[in-house]
Amino acid sequence: MLNVIAIFDIGKTNKKILLFDENYKVVSERSKQFEEIKDDNGEDCEDIAAITLWIKDTIAFLELMENIRIEAFNVSAYGASFVNLDENFKVVTPLYNYLNPYPPALLNQFYDTYGGELTLSKQTASPVLGNLNSGMQLYRLKHERPLLFKSIRYSLHLPQYISHVITGKTCTELTSIGCHTHLWDFEKNAYHSWVLQEGIDEKFPAILACDEVVSVQLNKRKILVGGGLHDSSAALIPYLSTFNNLFILISTGTWCISLNPFNNSALTEEELQKDCLCYISYQGKPIKASRLFAGHEHEQETKKLATHFKKEKNYYTTLNYDQFIVQGLIKSNGSARKEIQPRVVGIKTSVFGSRDLASFQSYEEAYHQLMMDIIDMQKASTELVLRNTNVKRIYVDGGFSKNSLYMNLLAATFPEMEVFGATVAQSTALGAALAIHKHWNTLEIPKDIIELNKYGNSK
């Protein structure tokens, strides 16, 4: 029998179940996508009932697999999303979409009551982001729908809800509660005082350490289950477990998040205004980070390119970096980093959306310009967390690490840095597995779990 750990890796687009063996090689991977539904405000949201059913069905399927012994489960999932349960553990609210607009009057009421935007942002290490500050979702429920709020017994961030589906138990953990939620006071290392004054802390179960597990019986066997982690913090774990040198990780997906575990300076007002924040690592330490919605922008703009140039949706995956196209575009269009109004509060996109696609002679030319515009934004974002540190190495993982345009343009943009595309077998899922390594795996963590591909001419 092959001993494995099973990880539910829940992204906005893809929901995955992965099995890792004791050497952290992926031995099985299954993926599922779900159609969005409408929430009680008529806005698009995830279908939490369908996701829950899939999780239960997947567990039942795993129990039937021959030659596989599940030793443990854990979860990595996106943040800023609550699943609210009543005293009978029934889901009582939709899984609200963090991109939905927040009522301005209620936002003003909150900050007027609790010391103002700048004070709250500094204390909670997060910009003002509306629903992306997930604590604000609970504040809104309390003030707009008090009876519904009263019916909530447990508010679980999505990773902890998935863990609950497996165990039947509830917990909270710091990587989820400490990521741009407005819930955690980084100065006091405790829930912020507004959370206590509003009684929201009463909805939160006890905090389970990121490297701890609970034991449950599944199919007459004892299985160890972690409490789940926020995906951005999970993605950092393989790097912290493998490398001793100073580095920045750009974790790319829907968001491109520049994480600097070696920048301990307090967030400035400028950094907060430019979408910097702090995450909490699985070791409980603050990690300064900057975010860019570049993966989402790339997805939306490549759909437009495919339609305009009559190509397949994923045609961009066939393209390689072409220096001559880049030089021609710089001469004709420049590499203009323009400030444009964000389409969603706190979220900026590149200038590409305002460009005329008819001005490009080919898909290839337009796509190079898109990536140049995204890299302009990426440079500005990453530089925010590089300041005043001795970091000389950048690792990129996720989707863009395999994109030759992104990687070559990034290396050219940071010529003084060593820039590596990192191939990791599902870094967020792997991080969730490594977080509870000591409980299920008697082997040493392998040194070759990250494969590096160097870009640029850096020494």
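The structure is a predicted model, in which local features require pLDDT of at least 70 and side-chain atom pairs count only at pLDDT 80 or more, whereas totals for chains, interfaces and linings use all residues. Residues are numbered from 1 along each chain as its sequence is written, and side-chain values use heavy atoms, with hydrogens and water left out. Helices (H or I, at least four residues) and strands (E, at least two) are DSSP runs numbered from the N terminus.

A pair of aromatic rings is described by the distance of the centres and the angle of the planes. Rings of Phe, Tyr and Trp (its six-membered ring) were taken to pair if their centres lie within 6.5 Å, with planes under 30 degrees apart counted as stacked, over 60 as edge-to-face and the rest as tilted. By this rule the count comes to 29 aromatic pairs. In one of them the ring centres of Phe 8 and Phe 73 are 6.2 Å apart and the planes stand at 10°, so the pair is stacked. This pair links distant parts of the chain, with Phe 8 in strand β1 (residues 2–10) and Phe 73 in strand β6 (residues 68–77), 65 residues apart. Both Phe 8 and Phe 73 are buried, where buried means under 20% relative accessible area, exposed over 50% and partly exposed in between (1.4 Å probe, protein chains only).

Phe 89 and Tyr 154 also form a stacked aromatic pair, at 5.5 Å centre to centre and with 5° between the planes. Here too distant parts of the chain are linked, Phe 89 being in the loop between β7 (82–85) and α2 (104–113) and Tyr 154 in strand β8 (residues 154–157), 65 residues apart. Phe 89 counts as partly exposed, at 36% relative accessibility, whereas Tyr 154 is buried, with a relative accessible area of 16%. Elsewhere, one aromatic cluster is formed by Tyr 239, Phe 243, Phe 247, Phe 262, Tyr 395 and Phe 420.

Charges over rings were assigned where NZ of Lys or CZ of Arg is within 6 Å of the ring centre and within 35 degrees of the ring normal. Lys 311 lies over the face of Tyr 315, at 4.7 Å from the ring centre, and Lys 32 lies over the face of Phe 34, at 5.8 Å from the ring centre. Lys 32 is also 5.9 Å from Asn 14, C-alpha to C-alpha, the two being 18 residues apart in sequence. Asn 14 lies in the loop between β1 and β2 (15–20) and is partly exposed, with a relative accessible area of 28%. With neighbours within four places in sequence left aside, Asn 14 is in contact (heavy atoms within 4.5 Å) with Asp 9, Ser 31, Lys 32 and Gln 33.

An open sheet of seven strands has the order β16-β17-β15-β14-β18-β19-β20, with mixed pairing; two strands pair if DSSP finds at least two bridges between them.

Strand β18 (residues 393–398) pairs with β19 in the parallel sense over four bridges, and Gly 421 in β19 is the bridge partner of Val 396. Arg 393 stands opposite Glu 418 in β19.

Helix α4 (residues 135–144) is mostly covered, with seven of its 10 residues buried, namely Gly 135, Met 136, Gln 137, Leu 138, Tyr 139, Arg 140 and Leu 141. The elements covering these buried residues include β7, α2, α5 (146–151), β8 and α8 (193–197). In helix α3 (residues 117–124), Leu 120, Ser 121, Gln 123 and Thr 124 are buried, and the buried residues of α3 pack against α2, β9 (184–185), α8 and α10 (269–273). Ala 125, which follows α3, has a positive phi, near 55°.
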